[in-house]
Structures are given as structure tokens and as C-alpha cells.
Amino acid sequence: MKQIYLKKGKDESLRRFHPWVFSGAIQRVDDSLEEGDVVHVVTAEGDIVATGHFQMGSIAVRVLTFTDSAIDDAFWASRLQSALNARLALGFGADTNTFRLVHGEGDLLPGLIIDVYGQTAVVQAHSIGMHLARHDIARQLVKVMGNRIRHVYYKSETTLSFMDPENGFLYGGSDDNIATENGLKFYVDWLRGQKTGFFVDQRDNRSLLERYAHGRKVLNMFCYTGGFSVYALRGGAELVHSVDSSAKAIELTNRNVELNYPNESRHQAFCDDAFKYLEREGAPYDLIILDPPAFAKHRGALHNALKGYIRLNLKAFQKLPSGGILFTFSCSQVVSKDHFRQAVFTAAALARRKVRILHQLHQPADHPINIYHPEGEYLKGLVLYVE
């Protein structure tokens, strides 16, 4: 197996089981090394301390195991079985057939995401190594999942755009793209949709919103597929308005509302910029959901991202009446819980509103966080009572 060699003392994070090797820690690499290769990570003293996928960039190696092990069919089967066992322990019932099966570092498979929608698993690679292993992974996935899935779709066009990988079925093939979540049905656009087609990470938070929606006028900003909107309707909201800058998202939101509540008069969807909509509309919403896309993709964008969160939440605080509820989120990995809370605090102070924290929200249990990889905690949210 090919090898990379660390600088002296640069193995300490690996001894603590952190699953990344940064490029600055590397002394030299084998001459024949290519991106996506499986490599041994060797200390300055000559000890093999990890095995993983090599890639050019800041994160040079994503660690698959902290032993000298073969990355073969038995490895993939073992890791996938472990991920499935963890999901079976969560007790998903017949009313929920959509969940995340593999969550990268959280399931000791850095660079790999697998979401299950009914009988279709959608595989997404975030590293060249996982892309190259996609057929092996799909083959073992089908064996491990048994009759739980019949199709495996590969979707990495957006995550590995520099490679121009081709999306398509690795196993089976189906146009049945309706998934069930807590008894509600949603179209999943794994062909054109963001990420793997549907944001399963907000499942628990959508259920919480349903409990607050009764009799309220709800505004769902950055609605994407309309998940929060559909839950609000089931919760008995007086009206629900969904807003997104994407016409495709608005189309999908309307389809999902129609799928669950045909001819529903309480719902309207608008294709518009979030900031402009909040500035312009005078409708008396008393429950607002802010679930924007990531404002910061890297640490260099953190300052501007925090300014964006302040501006967005300020507009919501200015819009809400006394007794209003705000569900506000950040999915930016580089924005910590403290960063986000400080931004929302600043917005509340600028709006001169009395605000109480009712809930502090996070990603669900099928998006586990590797205790040695705190960077995996990306979703954070607050439910606020505004006076």
C-alpha cells in the first residue's frame, strides 16, 4: 500500500482519533501517489497510525481506520452494517421511511453520505476516494440492507463538480420518488435537488414546529421542499406562506402541499428574495421559520456570515408581534453554537425585543457526531418567544 509520511510530532491528533490529516502535517509522500488512493499514514518514527483516502487540498487524508487494515469488501460491509444497526436502534417505524444511513465522520466513513428514501438509497461522495469506491460501496450496501432497499442512486455532481462525475443509478432504477416522514409524504428530487434531494436533518425540528403551529400565521423562509410548511398545516396553522428564491423549490413546495392536502386554501408560495420579502410584506405573521442555506462554506467567510445572520434575524424580530415565535437555524459548519447564539442575541438587542429561548435545536440522531470530530456538529437552531 502507498504511504504518506508525517513531520515529527504531527501524529498527535491521530493518536486522539481525529479523522483528518492536514496537508501541513505531511513531510513527504510516495512518488506514485494519486488522488483517491488508499494510503498508510506513517509517523516520523516509522509507525503506521492510520489508513485512509488521499486527496490534494487542505485535508490531505480522510482516515478510514486507525489500524493497518485492508479497505476491501469486508471493511465496507462491516462499516455499513454498523451504521444500519445504529439506525435500527432509533426505531424508525412504518410512518417514517426516510433517514440518513451514513453520516460521514459520524459513522467512521469520512467523505460518504447515504440517505434512504423509501426503497431508494442515495449515495453522495465528498472525496475522490469515496467516488472511486462507489461501486464497491453500492454492492455491499445492497447486501447489508437486504430487502430494505431496491435501488441505489449516485449523486455527486455538486460535491465533486471539479471531476464532473455522472449522476445515475448504481443498482436498480426507479422513478418512485415519494418518501414518508412521520406520516407525511414528500417528493424527493434526487436528480435536480440540493444535497441528496431532501433535508432529512430537520425531521425532529419539523415535528416540534407542528406543536407550535396551531392557530398561528406561519411564514416559512427558505422553504426549499416545503417541509416545515406541510408540518405547520398539519399542526393547524391559520395560514402558511412559503418563500424561496428558487422557482424549482416553490414548484416542489406546492407539489408537496398538494400531495398531503389537496386544494389547501391556507397555503401560498412565493418566489422571492428572503430579505426583500421581509422588508416589503406587512402580513402579521406570528410564527417565522428561518432556515437559510449555509452562509459560510469556510472560515474566511465567517465574519460576513455572522453579519448575514444578524441582518436576517433582525428583520424577523422587527416583523413579529408580541407573543410571536421564531424558529431560526444555521447549517454552516464553521459557525459554532456560540457564534450563532451571539448573532441572534445581537439581532434581538438591535430590535429592542424581549426574547426567551424555549428550545436549543440540533441535528437528529441519524446524523451522529463522532466524539473525536466536533466539526461534525453543523446544525444548530433556536426556538424563541418574542415579546
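This is a predicted model: local features need pLDDT of at least 70, side-chain atom pairs count only at pLDDT 80 or more; totals for chains, interfaces and linings use all residues.

Reader: Good. How do I read a nonpolar core, and which residues touch the most other members of the largest one here?

Author: In soluble globular proteins, nonpolar side chains tend to be buried together. A nonpolar core is a set of buried Ala, Val, Leu, Ile, Met, Phe, Trp, Tyr and Cys residues joined through side-chain atoms within 4.5 Å. Buried means under 20% relative accessible area, exposed over 50%, and partly exposed in between (1.4 Å probe, protein chains only). The largest core here has 32 residues, and L219, M221, I288, L290, F317, L326 and V335 touch the most other members.

Reader: Which elements give two or more residues to this core?

Author: Helices (H or I, at least four residues) and strands (E, at least two) are DSSP runs, numbered from the N terminus. The contributors are β14 (217–221), α8 (274–280), β17 (287–290), α9 (302–319), α10 (337–351) and β20 (380–386). Helix α9 gives the largest share, eight residues. Another core, of 31 residues, lies apart from it, with Y117, Y153, L209 and L361 among its members.

Reader: What is I288 in contact with?

Author: Contact means heavy atoms within 4.5 Å. Leaving aside neighbours within four places in sequence, I288 is in contact with L219, M221, A316, K319, L320, I325, L326 and F327.

Reader: Now the aromatic rings. How many pairs are there?

Author: Rings of Phe, Tyr and Trp (its six-membered ring) pair if their centres lie within 6.5 Å; planes under 30 degrees apart count as stacked, over 60 as edge-to-face and the rest as tilted. The count comes to 16 aromatic pairs by this rule. Take Y153 and F169: their ring centres are 4.9 Å apart with planes at 75 degrees, so the pair is edge-to-face. The pair links distant parts of the chain, with Y153 in strand β10 (residues 151–154) and F169 in strand β11 (residues 168–171), 16 residues apart. Y153 is buried at 4% relative accessibility, whereas F169 is partly exposed at 31%.

Author: Y309 and F340 are also edge-to-face, 5.5 Å centre to centre with 85 degrees between the planes. Y309 lies in helix α9 and F340 in helix α10, so this pair ties together parts 31 residues apart in sequence. Both Y309 and F340 are buried. Ring pairs also link Y117, Y153, F169 and W190 into a cluster.

Reader: Which charged end sits over the ring of Y187?

Author: A charge sits over a ring if NZ of Lys or CZ of Arg is within 6 Å of the ring centre and within 35 degrees of the ring normal. For Y187 it is the charged end of R255, 3.8 Å from the ring centre. Likewise, the charged end of R28 sits over the ring of Y5, 3.9 Å from its centre.

Reader: And how many salt bridges?

Author: A salt bridge is a side-chain nitrogen of Lys or Arg within 4 Å of a carboxyl oxygen of Asp or Glu. By that rule, the count comes to 17 salt bridges. D11, R15 and D47 are linked in a network of them: D11 and R15 meet at 3.0 Å, N to O, and R15 and D47 have their closest N and O atoms 3.9 Å apart. Elsewhere, E279 and K315 meet at 2.8 Å. E279 lies in helix α8 and K315 in helix α9, so the bridge ties together parts 36 residues apart in sequence. E279 is exposed at 52% relative accessible area, but K315 is buried at 15%.

Reader: Last one: where is N263 found?

Author: N263 is in the loop between α7 (247–260) and β16 (267–271). N263 has a positive phi of about 60 degrees although it is not a glycine, and N263 is exposed, with a relative accessible area of 70%.

Notes. Residues are numbered from 1 along each chain as its sequence is written. Side-chain values use heavy atoms; hydrogens and water are left out.
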